[in-house]
Amino acid sequence: EFFRNVYVSFTMLLIYFIIFLFPAWQVLLLNINITVIIFWIVVTIISLWFYGTMNEITKKLIGADVVEITQSALDAWMTGYSKGFENILERNSTEMVAKTYVFDFYFKDKTKACLVIPPIHPGPFKWVGSSSLPEKLSNLMLRKGYSDCIILHSLSNHDMNLPSNAELEKYLKYIDSEPTSKLQLTNLRVFKNEGQYFRCLGFDSDQSTLGITVPKQPMDDFPFGFTSKVLYESGKVGKELVLIDSHNRLATKFGDINYEEVFKECYSSRIEGSSSLYVQFERIDTDVPEVAGAGIHKLTISDLNETIKLLYADSNNSLPEATDAIEKGLGMVLVTSDTHQTSTFMNSKGYWAFGDLTDANHLIKILEHKATDRLLEAQVYLNVWNTKVKVMGAEGVTKLKNSMKFAMGRFRIYMIALLFMYVVSLLIK
């Protein structure tokens, strides 16, 4: 709460710096001479240089001075007060038309469940923008009468972050309204394909393809702008191409990946399908600390010729060893939401991945007794919303990253200079 109530000006910063240098100036005051005067002139010049260059950088890149961005970022990250930081993001965001897909499964017992694939990325970080998107979308769909709902991760990156909670609420209102179009899917067939860089599994129909991309090596998000490529490929094949990032192999270093391979692997080679699928949604009621409010779910989809089994977790990615253990122990492909709600200030990565806090073997023991097979025949419909959304955009994210990078570079130089002057002051006799 401190940062909400303190006005930080350049004068205040200088006072903080003087307090920081208390041992130094205590010595200096007892030895007033030309060296002392030069010392304080140098400290003042360094402080003015730091403040001036930082202001120049941040104003040029994102239209905010150093005090505004520093205070607002600390407010958002440490206290959850995001309005100031979101105002900066909104000033640098861009508007675009995006597609949201919802696959409805209507069961013979009169219940319905859904898979939701938003074009929005759940970021940039906790309390800001669309970070809580999976949980809020899940709650919305349950209020609309679905018995279960899974929020999947599209092939989006941080360029598709919403800049504020206000924009997130606008987006949720769009999805709470009637869809732009609704189609019953026909000639349905389940598929599994293997490529060099990805596996792809899902179901195909005459009207659309849902493909879940599973990387064979560690990776993070797909590149900036990849959702536009998906829409372009969708236009080429003449039906809705809905691709999902399983987001299940967390790493800090990545090899070369041919992302375009997903367009070749996500399809069914079979021509004849059926009018329905056999499906099971099952929410696993268990407490796993690295899983946010949208929970853990088992999902099985079959056309009686081919079957895919998924374990969904509302987590920020997954450790590769946890992903491999789940598939080996339970025969399920792990898929995460990439939520940005499972963060803590002291976590080195900023977010908890699936398997970070809970041993994978323990997870298997928890889940293997709670997941049961009970497939029900379902008619499948595809709902599409064409909505205008304001997103951070590749340019906005790049500007923010560069401003923080340059600012931190200047800050390191500033701290080294102050430390040097501190040492010099201690040597003055």
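Student: Which residues touch the most other members of the largest nonpolar core?

Tutor: First the idea: in soluble globular proteins, nonpolar side chains tend to be buried together. A nonpolar core here is a set of buried Ala, Val, Leu, Ile, Met, Phe, Trp, Tyr and Cys residues joined through side-chain atoms within 4.5 Å. Buried means under 20% relative accessible area, exposed over 50%, and partly exposed in between (1.4 Å probe, protein chains only). In this case the core has 55 residues, and Phe 103, Phe 105, Leu 115 and Phe 203 touch the most other members. Strand 13 (residues 376-391) supplies the largest share, seven residues. Helices (H or I, at least four residues) and strands (E, at least two) are DSSP runs, numbered from the N terminus.

Student: Before we go on, what kind of model is this?

Tutor: It's predicted, so local features need pLDDT of at least 70, side-chain atom pairs count only at pLDDT 80 or more, and totals for chains, interfaces and linings use all residues. Residues are numbered from 1 along each chain as its sequence is written, and side-chain values use heavy atoms, with hydrogens and water left out.

Student: Which residues is Leu 115 in contact with, leaving aside neighbours within four places in sequence?

Tutor: Contact means heavy atoms within 4.5 Å. For Leu 115 the partners include Tyr 101, Ile 150, Leu 210, Phe 281 and Leu 299.

Student: Is Gln 280 buried or exposed?

Tutor: Gln 280 is in strand 9 (residues 277-284), and it counts as buried because its relative accessibility is 5%. Its side chain also has a polar contact of 3.5 Å with that of Lys 298. Such a contact is a pair of N or O atoms within 3.5 Å; within protein, one must be able to donate a hydrogen and the other to accept it, and residues adjacent in sequence count only if both atoms are side-chain atoms.

Student: Where is the cis peptide bond?

Tutor: Look between Gly 123 and Pro 124, where omega is about 10°. Pro 124 sits in the loop between strand 2 (112-117) and helix 7 (133-143).

Student: What is the phi of Asn 317?

Tutor: Asn 317 has a positive phi of about 70°, although it is not a glycine. Find it in the loop between strand 11 (307-313) and helix 11 (320-330). Asn 317 is buried, with a relative accessible area of 1%.

Student: And what about Asp 338?

Tutor: Asp 338 has a positive phi of about 65° and is not a glycine. Its loop runs between strand 12 (333-336) and helix 12 (360-368). At a relative accessible area of 3%, Asp 338 is buried.
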